[in-house]
Amino acid sequence: MAEYKSAKEKKSNTLGCLKVLLLIFNFLFWCSGAAVLWLGIWILQTKTKYVALLNSATYPACAWILIVAGVIICIIGFVGCCGAIRENKTCLIVYFVFLLIIFLLEIIAGILAYVYQDQWLRGELKGGLNSTMIMQYMAKGSEGITGATDTLQQDFRCCGVLNWRDWKANSPYFKTGLAKNMTAPNSCCISPSDGCAVRDHPSNIYHVGCLDAIESYIRTYLFIIGAVGISMACLMILGLFCTLCFYHLVDEYYNEIEKEGCH
């Protein structure tokens, strides 16, 4: 009998330790969820001003995955706390399932970010910039693209996709003479002003293209998205393991109490 009580006490202590561990994990989990949510919104709101020039939805999709995962984490963190404090098996099952969903979401976001930047980014950027930035510049209904193009060229001190000649060679606005004697947009000028791009000398307009600059820029943020996704997935593994152990102990502990009540 003494041995039985000692074993029961030991199990109760283990349960208490796991409960504390799960609560600590939940606190860190909730904080990380808030951070992931903030990161996704930050990337989507302040770091996608050039995405209007891209034909691909992969970059904003990665940010949206982070936002969705962050919201789920913030909500489900409370379910995990309730399950741990009350030792409620239903809450623990719901918590485990949502942890698994978040784990998969974070893995998908991480893989998407890394695969996209390694295999498709440059090709999509080149095609996207040519079909939007060059072909739709100053076109009716393309004010967003025109504004994004001017911002891009001024921010990165570049002109065209590969170089400044892209404008005169490929842009309908410049090929048809609508731009009068200008060789490129005014945003290509080192010191922008109306009609400043008439002269194409390197002392007047930027000659380097924007492709390399925006590729490097987007790679940086895709790396951040990928790193956060993979890091969160690793944290999820710890959470999944703790939840399973806690559920198993809770189940065993209360089954024993029920058996005692029957005798």
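Start by selecting C189 and C196: their disulfide has 105 degrees about the S-S bond and is right-handed. A disulfide here is a pair of cysteine sulfur atoms within 2.5 Å, and this pair has an S to S distance of 2.1 Å. Both C189 and C196 are buried, where buried means under 20% relative accessible area, exposed over 50%, and partly exposed in between (1.4 Å probe, protein chains only).

Some housekeeping before you click on. This is a predicted model, in which local features need pLDDT of at least 70 and side-chain atom pairs count only at pLDDT 80 or more, while totals for chains, interfaces and linings use all residues. Residues are numbered from 1 along each chain as its sequence is written, and side-chain values use heavy atoms, with hydrogens and water left out.

**Zoom out: the whole chain**

Switch to cartoon view. You'll find seven helices and zero strands in the protein chain, so called because helices (H or I, at least four residues) and strands (E, at least two) are DSSP runs, numbered from the N terminus. Read from the N terminus, the elements go α-α-α-α-α-α-α.

Now colour by burial: of the 263 residues in the protein chain, 42% are buried. Taking contacts between residues at least 6 apart in sequence, 73% join residues at least 24 apart. With a surface on display, the protein chain exposes about 13600 Å², and carbon and sulfur atoms supply 65% of that area. Accessible areas come from the Shrake-Rupley method with a 1.4 Å probe, and for residues only the protein chains shown count as cover.

**Back to the cysteines**

How many disulfides are there by this rule? The count is three. Select C158 and C210 for another of them, with the sulfurs 2.0 Å apart. The C158 and C210 link is right-handed, at 95 degrees about the S-S bond. C158 sits in the loop between helix 4 (143–156) and helix 5 (165–170), and C210 in the loop between helix 6 (172–175) and helix 7 (211–262), so this bond ties together parts that are 52 residues apart in sequence. As for accessibility, C158 is buried at 1%, and C210 is buried at 0%.

Step along to C159 and C188, whose sulfur atoms are 2.1 Å apart in a disulfide. The C159 and C188 link is right-handed as well, with 85 degrees about the S-S bond. C159 is in the loop between helix 4 and helix 5, and C188 in the loop between helix 6 and helix 7, so the pair joins parts 29 residues apart in sequence. Relative accessibility is 0% for C159, which counts as buried; C188 is buried too, at 0%.

If you number the bonded cysteines in sequence order, the pairing reads 1-6, 2-3, 4-5.

Then select C31 and C74. C74 is in no disulfide. C31 is partly exposed at 33% relative accessibility, whereas C74 is buried at 14%.

**Over to the rings**

Which residues form one aromatic cluster? Select Y137, W167, Y173 and F174. Rings of Phe, Tyr and Trp (its six-membered ring) pair if their centres lie within 6.5 Å; planes under 30 degrees apart count as stacked, over 60 as edge-to-face and the rest as tilted. By this rule there are seven aromatic pairs. One of them is Y137 with F174, a stacked pair at 6.3 Å centre to centre with 20 degrees between the planes. This pair links distant parts of the chain: Y137 is in the loop between helix 3 and helix 4, F174 is in helix 6, and they are 37 residues apart. Both Y137 and F174 are buried.

F174 itself has a relative accessible area of 2%.

**Last stop: a nonpolar patch**

Finally, select I93, V94, V97, F98 and I101, which make a nonpolar surface patch of about 360 Å². Patches are made of residues with over 30% relative accessible area and no salt bridge, with like charges joined within 9 Å and nonpolar side chains (Val, Leu, Ile, Met, Phe, Trp, Tyr) within 5 Å. A salt bridge is a side-chain nitrogen of Lys or Arg within 4 Å of a carboxyl oxygen of Asp or Glu. I93 is in helix 3 (residues 89–134), and counts as partly exposed at 41% relative accessibility.

How values were computed: Contact = heavy atoms within 4.5 Å.
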